[in-house]
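Here is a short tour of one protein model, written for someone who likes to know the cut-offs behind each term. Have the viewer open and follow along.

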Amino acid sequence: MKYSQLFSKTLKTAPNATDTVNHRLLVQAGFVRQVMAGVYTYTPLGLRVLNKISQIVREEMDKIGGQEVLMPLMHPSSLWKKSGGWDKVDVLFKLKSRTGKDYALAVSHEETVTTLAREFIHSYKDMPMSIYHIQWKFRDELRSKSGIMRGREFLMKDLYSWHATQADFDVFYAKAKAAYLRVFERLGLTAKVTEASGGAFTEKVSYEFEVLSEAGEANILYCQMCDYCVNVDDIKTYHEGDDCPKCGKDKLRPAKAAEVGNVFDLGQKYTKAFDLTFIDEKGEKKYPIMGCYGIGISRTMGVLVETFHDERGIIWPRGVAPFEVQLVSIGGGSAEVEERAEAVYKELTQAGVEVLFDDRAEVSAGAKLADADLIGCPTRVIVSEKTGMQVEVKKRSEKDSTLMEVNELLKKLQTLKD
Ligand SMILES: [Zn+2]
């Protein structure tokens, strides 16, 4: 992609009225635009990142046997009345049609998915079964802040599973937790697993996946010596400075964290409410055990920016960067440099490398380099009068640059991929 053709452009100065780093940098670098509080448009740059996060999540859900579906955003009120959510869920957006009928905008999909599962799950032989989708959700927040980390409209992956026995559920629950940790590892994030109450969904214990972040809204206590972590908003048993109850080697420290995922043991709450039954091995009618498993895709994008940035801009982890390489031509209009940069662009893209080529002739070297830092592609490649038949390569996360042949660069990029 040539920068001159790119739909969105960077802003010279930081936008006003942004309360978090992710909001400021994502707007300034041209990844998103706010339509209203908590509601954002993703530009081609932003959508590339969102799609890459979705793809990593999709691959890990497929690995544990999840099958992808797509459920609607708008639900009849009857579904939400059946589960009790119509009156109990205070953040549920409600709509009225011109014929006077009531509808809800999806805040979650338990109601829809359990109704769907009734069509296909009849016997213990039909389980275990798990399906997921990556779909927008709505929350009627009183205050929406923290950029794309707390939206009124946000993209989520939610997976649902059904099991004939608690033992079978427990096996899948463990698999799903492991898959979640793989997702966050691939995204370059260190997620801590905390125990929390299930909130509106269930009386049982749930697990939250938290990333330490000043922009997060959760208050946690964690141990630096082991993986112990609790959400202090839910669990009052422990306090700052207490010995770690798991390893005893460190005191519990307080931190702000952002919840990027959660898994819930729903028990038989929804299968009973929607009368989803199956016939077990002995011919008896029973209710399946159900689980739900969420990952906030758009929120995770915000958390990534909060985690990976410096004073100059975003530093995208390789797996989710909008482009792998930002190619910059510095030549003040020299035809020779422009031709050479064009040739490098062709060579890289033909080798399958995703390149954002800053081909603007009228823009200063300083402005181009500042934009490359702001947008944050992992590798910056410069073609100038000084580089000759080589290119100057610098990682966004490092200070030093190296001169090398394009072939050598391709080899290096390939090594990172393997
Ligand atoms: Zn510990």
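The notes below go through helix packing, aromatic rings and a few backbone details.

This is a predicted model, so keep in mind that local features need pLDDT of at least 70 and side-chain atom pairs count only at pLDDT 80 or more, whereas totals for chains, interfaces and linings use all residues. Residues are numbered from 1 along each chain as its sequence is written, and side-chain values use heavy atoms, with hydrogens and water left out.

Helices (H or I, at least four residues) and strands (E, at least two) are DSSP runs, numbered from the N terminus. Let's start with helix H1 (residues 21-28): six of its eight residues are buried, so H1 is largely enclosed by the rest of the structure. Buried means under 20% relative accessible area, exposed over 50%, and partly exposed in between, with a 1.4 Å probe and protein chains only. The buried residues of H1 are Asn22, His23, Leu25, Leu26, Val27 and Gln28. Their cover includes helices H8 (297-307) and H10 (365-375), along with strands E1 (32-36), E2 (39-42), E17 (309-310) and E18 (313-314).

How do H1 and H8 cross? Their axes come within 8 Å and cross at roughly 95 degrees. That makes H1 roughly perpendicular to H8, a label for angles of 65 to 115 degrees. Axes here are lines fitted to C-alpha atoms, for helices over the stretch in contact, and angles run from 0 to 180 degrees between N-to-C directions. Val21, Asn22, Leu25 and Leu26 of H1 meet Met301, Gly302, Val305 and Glu306 of H8, where contact means heavy atoms within 4.5 Å. After H1 comes glycine 30, with a positive phi near 85 degrees.

Helix H5 (residues 110-117) is also mostly covered, with six of its eight residues buried: Glu110, Glu111, Thr112, Val113, Thr114 and Ala117.

**Rings and charges**

Rings of Phe, Tyr and Trp (its six-membered ring) pair if their centres lie within 6.5 Å; planes under 30 degrees apart count as stacked, over 60 as edge-to-face and the rest as tilted. By this rule the count comes to eleven aromatic pairs. Two tilted ones are tabulated here.

| Pair | Centre to centre | Angle between planes |
|---|---|---|
| Phenylalanine 31 and tryptophan 316 | 5.3 Å | 55 degrees |
| Tyrosine 345 and phenylalanine 357 | 5.1 Å | 35 degrees |

Phenylalanine 31 lies in the loop between H1 and E1 and tryptophan 316 in the loop between E18 and strand E19 (325-330), so this pair ties together parts that are 285 residues apart in sequence. Tyrosine 345 belongs to helix H9 (residues 335-350) and phenylalanine 357 to strand E20 (residues 355-358), so their pair links parts that are twelve residues apart in sequence. Phenylalanine 31 and tryptophan 316 are both buried, and tyrosine 345 and phenylalanine 357 are buried too. One aromatic cluster is formed by Phe169, Phe172, Tyr173, Tyr207 and Tyr293.

A charge sits over a ring if NZ of Lys or CZ of Arg is within 6 Å of the ring centre and within 35 degrees of the ring normal. Arginine 48 has its charged end over the ring of phenylalanine 323, 4.0 Å from the centre, and lysine 81 has its charged end over the ring of tryptophan 86, 5.2 Å from the centre.

**Backbone details**

Methionine 127 and proline 128 are joined by a cis peptide bond, with omega about 0 degrees. Alanine 17, in the segment before H1, has a positive phi near 55 degrees although it is not glycine, and alanine 17 counts as exposed at 78% relative accessibility.

Note on methods. Parallel < 35°, antiparallel > 145°, perpendicular 65-115°, else oblique.
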